[in-house]
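Open the model in a viewer and keep the sequence panel beside it.

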Amino acid sequence: MHIKKGDKVQVIAGKYKGKVGEVLQVLPKENRVVVKDVNILTKHRKPRSMNDPGGLIKSEGPIHASNVLLYDEKAGRGVRTHIEFKDGKKIRVSSKGDTRFDQ
């Protein structure tokens with residue numbers, strides 16, 4: 001998977017196209033990622049006790065990993081990446097330019 005937890009990504013498709021956010025969770029088996037403030041879901045929760053009032057609870061839902069690109073601060077947009085090997089380690093590098101994401 002080309003995305004890791006903590007990466008800054010840009011959404012390139014769907015309702016939240018163009019939005020930039022941090023990856024909160026990666027679900028590799030489903031090939032999905034959870035991005036902060038993207039794909040907001042609303043759940044109606046019933047009150048369970050006096051301390052738990054219930055109500056509308058908003059949270060982020062997962063989106064497909066193919067709908068996000070790593071965000072490059074220099075370029076100011078999402079960029080495609082490829083993998084290079086350096087000292088036996090895999091490093092993600094921007095396909096246009098020399099921005100390295102794993103250091």
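A salt bridge here is a side-chain nitrogen of Lys or Arg within 4 Å of a carboxyl oxygen of Asp or Glu. Side chains of opposite charge can pair when their charged atoms come close. The model is predicted, and it holds four salt bridges. Three of these stops follow.

**Stop 1: Arg100 and Glu84.** Select Arg100 and Glu84 and show their side chains. The closest N and O atoms of this salt bridge are 3.3 Å apart. Glu84 belongs to strand β9 (residues 81-86) and Arg100 to the segment after β10, so the pair ties together parts that are 16 residues apart in sequence. Are these residues buried or partly exposed? Arg100 has a relative accessible area of 33%, which makes it partly exposed. Glu84, at 32%, is partly exposed as well.

**Stop 2: Asp7 and Arg92.** Next, select Asp7 and Arg92. Their side chains meet in a salt bridge, with 2.8 Å from N to O. Asp7 sits in the segment before β1 (8-11), while Arg92 is in strand β10 (residues 89-94). The two are 85 residues apart, and the pair links distant parts of the chain. Both Asp7 and Arg92 are buried.

**Stop 3: Arg45 and Asp52.** Now select Arg45 and Asp52. This salt bridge has an N to O distance of 2.9 Å. What is the relative accessible area of Asp52? The value is 19%; buried means under 20%, so Asp52 counts as buried. Arg45 is partly exposed, with a relative accessible area of 41%.

**Stop 4: the whole chain.** Clear the selection and switch to a cartoon view. The protein has 10 strands and zero helices. Its radius of gyration is 17 Å, well over the 13 Å that the globule rule gives for 103 residues, so the protein is more spread out than a compact globule. Along the principal axes, the C-alpha atoms fill a box of roughly 55 × 30 × 20 Å.

Among contacts between residues at least 6 apart in sequence, 38% join residues at least 24 apart.

**Stop 5: surface and charge.** Of the 103 residues, 27% count as buried.

Finally, color by charge. There are 23 positive and 12 negative charges, and their mean positions are 6 Å apart.

Methods: Residues numbered from 1 in each chain as written. Predicted model: local features only at pLDDT ≥ 70, side-chain atom pairs only at ≥ 80, totals over all residues. Heavy atoms only, no water. Helix = DSSP H or I, 4+ residues; strand = E, 2+ residues; numbered from the N terminus. Rg over C-alpha atoms; globule rule 2.2 N^0.38 Å. Buried < 20%, exposed > 50% of the residue type's maximum accessible area, 1.4 Å probe, protein only. Contact = heavy atoms within 4.5 Å. Lys, Arg positive; Asp, Glu negative; His and termini not counted. Charge placed at Lys NZ, Arg CZ, Asp CG, Glu CD.
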